[in-house]
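Here's a quick briefing to read alongside the model. Have the structure open and follow along.

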Amino acid sequence: MTRARHPVILAAIGAIGLSACVDTTSGDSNSNLKRGAAIGAGAGALAGMIATGGGKHDARDALVGAAIGAGIGAAFGNELDKQAQELRGNLGDDRISVVNTGSELVVTMPQDILFATDSAALRPDLQADLRVLASSLNDYPQTTVDVIGHTDNTGAAAYNQDLSARRAASVSAVLTRSGVAPSRVRAYGRGEDQPVASNLSASGRAQNRRVEIIIRPMA
């Protein structure tokens, strides 16, 4: 590695690291925009160095890559803010959470508004919000969608894994029937492996029973 590359690599890593320090839980669109730009800058710089494969123009090419990446990252961060705001306004249940991390949207739907206990069959009267989500995904087509089912730890782990996967598949089926391209959507279950609250209380178990829809930019 030549001497000129070290500062640029450090700058790229610093940009990516800085993005992790931005508070993304407040819904601050300016913070999310900065995070998107920082991620884009770091990725662009690294991509620029990889593309050149070495040589005296490494630093220049990396900086150009960083500038382009920052612009792309900021633009996508702005799109995420816009989509998140629209979803919060259009979804009909305030129990549905929409969180913009700056690099992805995480839409969390509690199990109890989608499924009966021990069932992977979506309640017909509660599918309207999934169609609203599908409409949003169709309005922003340059994204991929991961649908992830989660359960609490009640019952056997293998059963919970299977149930979470079937629930994720049920949700993804509504999205694709509503026009979202199947190639954009992946569905899988995590069972009881990724709790967000303690399973020692009823309220904690209710938080863990959920479906997450994660929206990311296409690679």
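What follows covers the overall fold, a hairpin, a helix and one threonine.

This is a predicted model, so to speak of local features takes a pLDDT of at least 70 and side-chain atom pairs count only at pLDDT 80 or more, while totals for chains, interfaces and linings use all residues. Residues are numbered from 1 along each chain as its sequence is written, and side-chain values use heavy atoms, leaving out hydrogens and water.

**Overall fold**
- The protein chain has six helices and five strands, taken as DSSP runs numbered from the N terminus (helices: H or I, at least four residues; strands: E, at least two).
- Reading from the N terminus, the order is α-α-α-β-β-α-β-α-β-α-β.
- Of the 219 residues, 43% are buried, meaning under 20% relative accessible area with a 1.4 Å probe, protein chains only.
- Take the contacts (heavy atoms within 4.5 Å) between residues at least 6 apart in sequence: 69% of them join residues at least 24 apart.

- Strand E1 (residues 97-100) has Val 98 and Asn 100 on its covered face, and Ser 97 and Val 99 on the uncovered one.
- E1 pairs antiparallel with E2 (residues 105-110) over four bridges; pairing takes at least two DSSP bridges.
- Across the pair, Val 99 sits opposite Val 106 in E2.
- Four residues lie between the two strands, and Gly 102 in this hairpin has a positive phi near 100°.

**Helix H5**
- H5 (residues 157-177) spans 30 Å from first to last C-alpha over its 21 residues, close to the expected 30 Å, which is 1.5 Å times one less than the number of residues.
- Its buried residues include Asn 160, Leu 163, Ser 164, Arg 167, Val 171 and Val 174.
- An α-helix has 3.6 residues a turn, so residues three or four places apart point the same way.
- The cover over the buried residues of H5 includes helix H4 (128-139) and strands E3 (143-150), E4 (185-189) and E5 (210-217).
- Just past H5, Gly 179 takes a positive phi of about 110°.

**Thr 151**
- Thr 151 lies in the loop between E3 and H5, and counts as buried because its relative accessible area is 4%.
- Leaving aside residues up to four places away in sequence, Thr 151 touches Asn 160, Ser 164, Gly 191, Glu 192, Asn 208 and Arg 209.
- The Thr 151 side chain reaches the backbone nitrogen of Glu 192 at 3.4 Å.

Terms used
Buried means under 20% relative accessible area, exposed over 50%, partly exposed in between (1.4 Å probe, protein chains only). A polar contact is a pair of N or O atoms within 3.5 Å; within protein, one must be able to donate a hydrogen and the other to accept it, and residues adjacent in sequence count only if both atoms are side-chain atoms.
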